[in-house]
Amino acid sequence: MAVRYQIRGATAVEISASIESAVRAGALPPGAALPAVRGLAADLGLSPATVAKAYQALRQRGVVETAGRNGTRVRHRPPVAIPRAMRQPPVPEGILDLATGEPDLRLVPRLDGALRRLIRAAPTPVGYAAAGPLPELLDLARGRLAADGVPVGRAQLTLSGGALDGIERLLGAHLRPGDRVAVEDPSWANLLDLVAALGLTPVPVPVDDDGPLPDGLAHALAGGAQAAIVTSRAHNPTGAAVGATRAAALRRVLRAHPDALLIEDDHAAELADVALHTLAGTGRRWAFVRSVSKPYGPDLRLAVIAGDETTVARVAGHARIGAGWVSTVLQRLVVELWRDRSVAALVASAGASYDRRRRALLAALAARGVAATGHTGLNVWVPVPDETVTVAALRDAGYAVAPGSLYRLATPPAVRISVSNLDQPGIDPLAAAVAVAVGVNGPAGGLSA
């Protein structure tokens with residue numbers, strides 16, 4: 001693919017700066033292909049080693065990725081500021097957006113009641129010296145986590161600005177650029193981008209309906225991975241959930257590597273329709289991250305982190321000399337929401353609604369001979385012969401879905417369909433369109449390569 005932007009530079013630093021500048025300006029948008037190393041070297045009159053070093057620096061910063069035979073491309077979400085219009089192509093009018101994966105905003109609790117109560121309480125302004133996690137929030141969080149079996153009795157708690165912020169702080173507290181980290185494959189696209197931006201090396205661990213495969217996790221840890229990130233339930237993108245039997249097997253693997261950092265992500269929290277079988281507390285270094293964004297609204301950027309004393313102390317210490325603390329206004333708002341029984345009932349109703357839609361879509365696909373998975377959460381994962389063809393065919397049929405390439409490292413092609421914007425009457429027409437797009441004799445395999 002030809003690159004219209006003219007890359008310049010006489011050194012590796014200048015070349016990488018030229019490319020990064022083009023990414024910031026939108027001249028090289030996400031997904032854009034870079035010239036082959038030898039071709040660019042010839043154009044610039046430099047050695048291929050100089051260009052290769054520039055590309056390597058960009059890969060280490062997470063700006064570009066190597067896409068096998070497709071060469072080097074700008075990552076889907078490079079860690080540089082780019083024009084808003086270039087970040088995510090808008091879904092055209094008349095196309096149903098089943099790609100974003102956001103919660104159904106019609107089912108997100110309204111904040112007006114909690115805000116009014118907060119205003120009436122007129123809390124005393126908080127200064128720098130007194131800022132930090134509110135004791136009442138931590139007490140509520142401790143009780144909620146304990147009810148789900150998280151071993152908070154011997155844990156420390158702190159807060160972060162959402163799940164991904166917490167994971168970033170945890171990785172930064174223990175790992176350094178170049179270190180290996182075990183990640184589920186497929187995995188949350190934002191997480192893969194974060195790992196790349198931190199200069200870490202992802203080690204793929206295959207996933208099935210019950211979560212990461214124990215043999216895959218064992219192989220990754222034995223191969224030098226110093227941390228492992230596991231999604232408890234509502235795995236994005238496959239909907240996998242760790243069951244009791246799988247949890248026991250994963251704990252055995254983790255006990256064999258007690259110094260590896262375990263990060264357990266329970267982003268769905270109260271929305272999940274299955275019990276939590278936590279891995280927390282298995283080794284010496286662990287953290288359990290629970291966000292409030294999915295159940296209570298994406299704008300509530302707060303997550304609770306429970307973990308061993310050293311891990312939590314490092315995260316809290318780094319926060320204190322950096323961002324400082326999660327806003328106490330936001331913390332008080334979350335306390336109000338957690339104490340409101342009507343909000344709890346609404347969140348439970350939302351979880352049941354997602355469950356009905358997801359199960360109905362899986363049944364409609366199965367009735368048409370289309371294999372798919374989606375045990376919990378907001379998404380259904382559909383193996384396909386060709387992602388580009390499937391995404392284009394569904395867009396022509398009026399549906400926007402996410403290509404699996406955003407989420408997978410070594411697993412076969414697939415597409416992710418989010419049910420957040422999918423109402424019951426639209427399920428059968430969507431399933432029929434998917435069957436046409438993939439063919440009724442499409443793949444019927446699992447998730448693993």
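This briefing describes selected features of the structure shown above. The model is a predicted one.

- Strands of a sheet pair through backbone hydrogen bonds, in either a parallel or an antiparallel manner.
- Strand β15 (residues 414-418) pairs with β14 over 2 bridges, in the antiparallel sense.
- Ala402 has Arg416 of β15 as its bridge partner.

**Helix α12**

- At the start of α12, the backbone nitrogen of Thr310 has a side-chain oxygen of Asp308 within 3.2 Å.
- The buried residues of this helix, α12, are Thr311, Val312, Val315, Gly317 and Ala319.
- The elements that cover these buried residues of α12 include the strands β4 (156-160), β9, β10 and β11 (303-307), together with the helix α7 (163-174).

**Backbone features in loops**

- Pro186 belongs to the loop that runs between β5 (180-185) and α8 (189-197).
- Ala234 has a positive phi, near 55 degrees, although the residue is not glycine.
- The loop between β8 (227-231) and α10 (244-255) holds Ala234.
- Ala234 counts as buried because its relative accessibility is 4%, and the cut-off for buried is under 20%.
- Ala269 likewise is a residue other than glycine with a positive phi, in this case near 50 degrees.
- Ala269 sits in the loop between β9 (261-265) and β10 (286-291).
- With a relative accessible area of 3%, Ala269 is also buried.

- Ala17 is located in helix α1 (residues 12-25).
- The relative accessible area of Ala17 is 41%, so this residue is partly exposed, a class that lies between the limits of 20% and 50%.
- Ala17 and Ala363 are 346 residues apart along the chain, and a distance of 50 Å separates their C-alpha atoms.

Conventions:
Residues numbered from 1 in each chain as written. Predicted model: local features only at pLDDT ≥ 70, side-chain atom pairs only at ≥ 80, totals over all residues. Heavy atoms only, no water. Pairing = 2+ DSSP bridges. Helix = DSSP H or I, 4+ residues; strand = E, 2+ residues; numbered from the N terminus. Buried < 20%, exposed > 50% of the residue type's maximum accessible area, 1.4 Å probe, protein only. Contact = heavy atoms within 4.5 Å. Polar contact = N/O pair within 3.5 Å; in protein donor to acceptor, adjacent residues only side chain to side chain.
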